[in-house]
Structures are given as structure tokens and as C-alpha cells.
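The exercises below are to be worked with the sequence and the model open. Each task is followed by a solution in steps.

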Amino acid sequence: MSDVLELVDVSVVREGRALVDQVSWSVKEGERWVILGPNGAGKTTLLNVASSYLFPTKGTATILGETLGRPGTDVFELRPRIGMAGIAMADKLPKRQTVLETVLTAAYGMTATWQEEYEEVDEQRARAFLDRLGMNDLLDRKFGTLSEGERKRTLIARALMTDPELLLLDEPAAGLDLGGREDLVRRLGRLASDPLAPSMAMVTHHVEEIAPGFTHVLMIRQGKVVAAGPIDLELTSRNLSVCFGLPLVVERNEHHRWSAHGLPLR
Ligand SMILES: Nc1ncnc2c1ncn2[C@@H]1O[C@H](COP(=O)(O)OP(=O)(O)OP(=O)(O)O)[C@@H](O)[C@H]1O
């Protein structure tokens with residue numbers, strides 16, 4: 001299996017502080033990673049490196065075989081190969097555009113529609129991704145009028161539109177109610193279990209949001225790696241407690257879903 005992402009001793013330093021501190025992490029083809037860590041741990045900063053929007057201050061980041069900052073690496077060629085769904089992207093998209101247009105524009109590397117004609121084949125693809133994410137009844141709705149859950153699902157469909165080799169999801173379930181979260185987890189589980197789906201890395205705050213099918217976990221605290229590896233081996237009470245800085249118990253049920261809770265204060 002080849003490396004989709006290879007970070008070696010990567011640090012991102014701002015105002016003298018390492019937001020990401022000597023992180024080495026490799027994602028191989030077909031792996032589905034969960035990134036866990038407390039607020040401010042550096043998760044989004046790490047995704048920004050993985051999506052080629054942020055270059056490391058130190059160390060090397062190689063994405064889909066292209067090393068950032070090396071002569072010959074063109075980030076404008078690299079970026080369409082990476083699907084990214086997160087709040088930062090939602091803010092860039094025109095609110096008056098329909099759901100279908102929002103997904104369709106991804107095929108043309110733009111955030112606005114302009115006046116060009118879309119290929120029939122692209123429209124079919126956009127409809128298929130939206131169908132898979134349960135957005136069939138909302139194709140003509142304005143993006144700006146969607147609920148949080150509908151917006152998240154549209155963004156994932158949009159990120160899949162370029163047929164990316166690496167899919168990065170930044171807190172896809174944040175702000176969703178219980179039903180919305182469970183609906184999304186089911187859909188992410190289907191995606192994660194699809195052998196044709198791209199390699200994935202998903203930032204989340206809650207182990208309850210990890211869909212079955214995710215294979216690996218990266219835990220970070222204060223920019224440093226606490227644990228990294230197969231989820232069955234590394235997502236332990238001990239590692240989670242170190243990561244979040246308080247005693248936690250993590251469990252997995254027979255449906256392959258995770259839950260975590262703190263121990264009562266004495
Ligand atoms: N450009 C910047 N300059 C200085 N500090 C920054 C900059 N960008 C982010 N930070 C800080 O870096 C730290 C890591 O931020 P980051 O957004 O990566 O964390 P996170 O793990 O995604 O947090 P959260 O879970 O709260 O979203 C935070 O303390 C943040 O305030």
C-alpha cells in the first residue's frame with residue numbers, strides 16, 4: 001500500500017509557539033483515520049497541512065506523492081485531488097446558490113456558478129452523491145437556507161465531486177442533534193466501508209461520532225502525538241485519558257460504536 005499522506009517531524013510555529021509539534025504521521029491507501037484531541041490541540045492546523053493550504057515551518061509533508069515546498073510540486077494541481085469538507089469551506093460558498101449548483105461547482109474548481117454550461121455527466125454525478133447523502137429532496141434549495149445537518153451533508157457530497165484520492169472531514173457532526181448525528185454516522189459508515197471510497201481523515205471531538213469502518217486513530221494534545229495506529233489497539237481508556245487530561249473510560253459496543261465517559265469526582 002502506498003502512502004497517501006506522509007508527515008515527517010512536521011511543526012507549524014506561529015508567534016514562537018508550535019501549534020503542531022514534531023508530528024510524524026502516515027496515512028496509507030484505503031485507511032480511514034479519526035483525529036481526536038482537545039480544543040486547541042492542533043487538529044485543524046494539521047488538516048490544513050494535509051490539504052496543502054498550510055506549509056510546515058519544519059519537517060516535510062508529502063501528500064499523494066508531492067512534497068510541499070519542493071520544486072516541481074504544484075499545489076494547484078494537488079488540491080483537486082484532495083476533498084475537504086469543513087466550516088471554512090461552507091463560509092466561502094455563495095448562500096444563494098442551490099444545493100445542486102453548490103456540489104456541481106466543485107467539478108470546476110470554483111465556489112461560484114458563473115454562466116458556463118455543465119456537462120450532463122457532471123450533473124449526474126452531483127445528483128448521485130447528493131442522493132447517497134440523503135439530499136435528494138433538497139436539490140433546488142438555496143445553500144444558505146439549509147439546516148446545519150443538511151449543510152454538512154452537502155459539503156461532503158461536494159468534497160466527493162472531484163473524485164479525490166484523500167478526503168478530509170473537519171468535525172462533520174458538530175452542531176447536529178442526535179438524529180442528525182446518527183444519520184450522518186450511518187452515511188459516513190457506508191462511505192468508510194466502501195473499498196472504492198478515498199482514504200479518509202476525520203477530525204472529531206466525540207468518540208460517539210466514529211462510524212464503523214474507521215480503521216485508525218491519531219490522538220494529539222498540545223500539538224504533539226499522544227497515540228497513532230489501528231483504532232482497536234490505540235483507542236484505549238489510557239490513551240484517551242492522557243489525550244484529554246482527565247480520567248476517561250472508553251468502550252465499544254457490539255455494533256462497533258464507541259462511547260466515553262469521565263469517572264465521578266470523589
Ligand atoms: N494563525 C495563528 N496564529 C497563532 N495561533 C494560531 C493560529 N491559528 C491557530 N492558532 C492557535 O493554534 C492552536 C491550535 O488551533 P487548531 O484550530 O488547530 O486547534 P483544534 O485542535 O482544531 O481546536 P478545536 O478543537 O478548538 O477546533 C490554538 O491554540 C489556536 O488558537
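**Exercise 1. Find which residues Leu-168 touches beyond four places in sequence, and state whether Leu-168 is buried or exposed.**

Step 1. Leaving out residues up to four places away in sequence, Leu-168 touches Leu-47, Ala-50, Ser-51, Ile-82, Gly-83, Met-84 and Ala-201. Two residues are in contact if their C-beta atoms, placed from the backbone, lie within 7 Å.

Step 2. Leu-168 belongs to strand β7. Helices (H or I, at least four residues) and strands (E, at least two) are DSSP runs, numbered from the N terminus.

Step 3. Leu-168 is buried because 25 other C-beta atoms lie within 10 Å. A residue is buried if 20 or more other C-beta atoms, placed from the backbone, lie within 10 Å of its own, exposed if 12 or fewer, and partly exposed in between.

Step 4. The C-alpha atoms of Leu-168 and Ala-227 are 19 Å apart, and 59 residues separate the two along the chain.

Two conventions apply throughout. Residues are numbered from 1 along each chain as its sequence is written. The model is predicted: local features need pLDDT of at least 70, side-chain atom pairs count only at pLDDT 80 or more, and totals for chains, interfaces and linings use all residues.

**Exercise 2. Check the length of helix α6 (residues 148–160) and say what covers its buried residues.**

Step 1. The expected span of a helix is 1.5 Å times one less than its number of residues.

Step 2. The buried residues of α6 include Lys-152, Arg-153, Leu-155, Ile-156 and Leu-160.

Step 3. Their cover includes the strands β6 (82–85) and β7 (166–170), and the helices α3 (87–92), α4 (99–104), α5 (120–132) and α7 (178–192).

Step 4. Met-161 lies in the loop between α6 and β7. Met-161 is buried, since 23 other C-beta atoms lie within 10 Å. Not counting residues up to four places away in sequence, Met-161 touches Val-103, Ala-106, Ala-107, Arg-125, Ala-126 and Phe-129.

**Exercise 3. List the residues around the ligand and sort them by class.**

Step 1. The residues are Arg-14, Glu-15, Leu-19, Gly-37, Asn-39, Gly-40, Ala-41, Gly-42, Lys-43, Thr-44 and Thr-45. A residue is near a molecule if its C-beta atom, placed from the backbone, lies within 6 Å of it.

Step 2. This shell has two nonpolar, six polar and three charged residues. Ala, Val, Leu, Ile, Met, Phe, Trp, Tyr, Cys and Pro count as nonpolar, Asp, Glu, Lys and Arg as charged, and the others, Gly among them, as polar.

Step 3. Helix α1 (residues 43–50) gives the most to the shell, with three residues.
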